[in-house]
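Here's a quick tour for anyone meeting this structure for the first time. Take a look at it, then read on.

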Amino acid sequence: MFFKLIIRNSKRNRKENGLFFSSLIISIVAFYMILALSHQDVMIFLAQMESDAVDKLMNMIPIFYGMALFILFFLIYYASKFQLERRRHEFGVYLMMGMRRSRLFALLLAEDFRNSVISLTIGLPSALLLSELVSLITARLVGIGIISHQLSFSLPAILWTSLGFLFIKFAAFLILSGTISRQDIGSLLVETPEGAKKQMPAFIYGISILAGISCLAIAYASAIHGEAWSDIWQMARTIALGMSGTFLLFWGLRFPIGIVAASGKHNRQLHVFNFRQIQENVIHRSGTLAICSILILAALCCFGAGVSISRFYGKSEQHVLDYTFKDPENENDTAAIRQTLADHQLDHQFSHLFEMKSGYIRKTEDTEHAVQMEPLLAALRNMPPSQDSHVLLYNLEHETFPHIISLSCYNQLLSAGGMPELTLGPEEAAIYMDHEFAPYERKKLLDSILQTRPEARLDEKIIYLTGTVQTTNLVTDRSITLSFALILPDEMFEYYTQGDYDVYLNGILAKDDADDPSLMTAISEMNQKLKKTGLTYESYLQNIGRQLFYMVAASYITMYLAVMFLLISNTIIGIQFLMSQQKSSRRYRTLIRLGAAYPTLCSSARKQINWYFGLPAAVAAFSSLFGVRSLLSGLLSFKAKSSLTTEMMIVSAAMILALCVIEYIYMVAVKRSSDRYLLTLMIPEREE
């Protein structure tokens with residue numbers, strides 16, 4: 001009989017608390033996916049090139065895991081507390097019928113353990129399937145290939161997920177079960193209403209709202225302008241202002257809600273009742289709503305910024321070259337490299353093999369005046385003041401001894417990439433800048449000036465700067481990162497370098513290999529062949545490896561944190577509303593006696609849910625527009641920060657909108673639970 005009671009109660013608890021049970025399953029999936037990250041195809045691939053960075057990321061996983069367990073413990077504790085409070089009368093009846101307190105304690109632990117095992121039984125297989133799906137999709141998107149994919153099964157991840165989940169569930173329920181089982185029978189049988197909150201004058205709440213908005217505005221400004229990232233104290237000040245502003249805002253919301261309730265049309269069904277219920281919930285739980293709003297904000301910021309960062313690193317590098325070879329013994333000749341490739345029958349596997357020549361001006365020893373661009377600098381000074389024009393002016397004023405690049409070599413690069421070639425006259429030059437130093441706005445400024453063909457002096461010879469700023473990478477990896485260089489016709493290049501320059505041999509894999517669904521696999525296989533030749537080379541993998549690392553780190557970690565924050569906040573809001581609804585059961589029964597129909601009650605409760613979820617979600621969504629911008633400004637590298645565009649903010653806004661859809665799904669789930677509970681109230685009570 002005892003075991004049948006455990007099975008029946010646990011089944012009923014899962015049915016009545018489906019939102020909480022679903023949240024536990026999602027948390028199990030999230031735990032496994034983050035712990036099994038090292039078994040993902042993309043991480044195994046990255047470990048071959050960026051082992052140090054990957055090791056650092058893997059060392060951080062236990063920190064995220066522990067933090068998630070800590071936060072989830074409080075979710076389980078408070079959600080379980082609400083469930084046990086709802087069953088107080090039931091426990092009192094058990095004790096009245098002769099059940100010993102120790103047996104009641106064992107009953108509660110057994111019910112919780114059974115539900116935990118069922119959660120793991122559902123969650124772990126779901127996590128394995130989802131992890132495999134994510135691994136396949138990620139491998140396909142980044143070009144690693146899925147042909148060599150093998151099923152990944154991480155036993156340590158399963159063990160740590162199970163142990164961590166069971167531990168926090170046991171710890172939370174051990175505390176709560178002991179508290180419930182020690183209470184007197186009388187206190188269990190009698191419902192204890194929430195204590196009344198002392199009301200302040202209306203203007204106090206108005207001042208609280210104004211103070212909260214002011215604190216939030218200061219925090220937003222500090223975050224966006226970058227002051228928050230200057231040192232740890234500024235960051236602490238910004239966070240403190242943001243959190244204080246949120247708490248003050250929610251504490252004062254009872255005032256405008258009261259105004260809405262009083263000013264509404266009285267012919268609306270249960271209008272005043274709805275807003276009085278909302279006002280009471282805000283009074284009793286303004287702190288909880290503020291905390292949930294902060295958690296939702298953290299989720300929106302993590303997801304929006306993470307997707308934007310991964311998107312930036314995913315497309316920031318233009319892929320043209322696959323290999324760059326360098327002969328350390330003869331820097332001006334590539335004949336030996338070509339011969340070595342031919343000897344190993346590898347030259348035919350490249351569709352393009354061409355030289356890239358770059359050097360310094362050797363015609364003069366006056367390095368401080370080798371190049372003078374006063375007309376270009378004057379044009380920048382005459383432009384409307386902006387950060388981009390200021391940075392450009394500062395950088396170009398110091399470019400008096402730049403690199404120079406051979407026009408024919410650069411044209412071969414453009415041709416290989418399917419881009420139009422440059423045409424320069426005998427007295428013309430084009431400007432080259434690595435895209436790290438020439439983001440869109442700065443490039444646009446320079447291009448507008450270059451249309452006027454400004455005059456410049458190259459070792460006292462007058463030349464004209466023309467065309468547009470060129471940014472295509474000269475080699476595969478970051479061996480050459482030029483903040484500024486001049487592209488010169490070949491005769492001028494030979495004249496000014498005096499034959500003293502560096503020569504790189506760039507290679508592009510043949511079309512059959514490059515079009516393979518697994519480009520990175522093809523390059524990896526070629527790397528194995530090139531190792532036997534003894535050649536010094538750099539491949540596209542060295543570059544893309546870093547990009548992939550940033551993409552994976554941003555995507556996995558931020559999405560993991562976003563899921564956990566969103567899961568916890570919405571579950572707390574949903575469970576608290578349902579519990580407050582049950583504490584208001586007498587009010588609903590009174591409305592039923594007064595003639596309120598079931599559809600009317602459901603409509604009333606749904607409106608309350610919209611407000612109860614909408615208040616913290618709306619504040620969080622608005623704040624996230626500033627929070628995402630702050631994260632992008634503070635976490636991105638100089639290169640990425642200089643390319644911070646409207647597009648990245650649009651991507652972030654799209655992700656925030658997607659998470660708002662998830663908020664709506666939670667609201668729908670709570671509304672359905674509310675409808676089921678209200679249906680039970682329609683049954684008339686027995687009068688003894």
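A polar contact is a pair of N or O atoms within 3.5 Å; within protein, one must be able to donate a hydrogen and the other to accept it, and residues adjacent in sequence count only if both atoms are side-chain atoms. This is a predicted model, where local features need pLDDT of at least 70 and side-chain atom pairs count only at pLDDT 80 or more, while totals for chains, interfaces and linings use all residues. Residues are numbered from 1 along each chain as its sequence is written, and side-chain values use heavy atoms, with hydrogens and water left out.

## A threonine in a loop

Let's start with Thr476, which sits in the loop between strand 7 (461–465) and strand 8 (485–488). (Strands are DSSP runs of E with at least two residues, helices are runs of H or I with at least four, and both are numbered from the N terminus.) A polar atom of the Thr476 side chain lies 3.2 Å from the backbone oxygen of Glu538. Is Thr476 buried or exposed? With a relative accessible area of 4%, Thr476 is buried (under 20% is buried, over 50% exposed, and in between partly exposed, using a 1.4 Å probe and protein chains only).

## The sheet

Now for the strands, where two of them pair if DSSP finds at least two bridges between them. Ten strands make an open sheet with mixed pairing, in the order 3-6-7-5-8-4-2-9-1-10. At the edges are strand 3 (371–372) and strand 10 (536–539), each pairing on one side only.

Strand 9 (residues 502–509) has seven of its eight residues buried, so it is largely enclosed by the rest of the structure. Strand 2 (residues 350–360) runs antiparallel to strand 9, joined by eight bridges, and Met356 stands opposite Tyr504 there. Strand 1 (residues 323–326) also pairs with strand 9 in the antiparallel sense, over three bridges, with Phe325 opposite Leu505. Strand 5 (residues 428–432) and strand 7, by contrast, pair in the parallel sense over two bridges; Glu428 has Tyr464 of strand 7 as its bridge partner.

## A helix pair

Helix 9 (residues 202–224) and helix 10 (residues 232–252) have axes that come within 7 Å and cross at roughly 155 degrees. (Axes are lines fitted to C-alpha atoms, for helices over the stretch in contact, and angles run from 0 to 180 degrees between N-to-C directions.) That makes helix 9 roughly antiparallel to helix 10, a label for angles over 145 degrees. The residues of their contact divide into 14 nonpolar, eight polar and one charged (Ala, Val, Leu, Ile, Met, Phe, Trp, Tyr, Cys and Pro count as nonpolar, Asp, Glu, Lys and Arg as charged, and the others, Gly among them, as polar).

Conventions
Angles under 35 degrees count as roughly parallel, over 145 as roughly antiparallel, 65 to 115 as roughly perpendicular and the rest as oblique.
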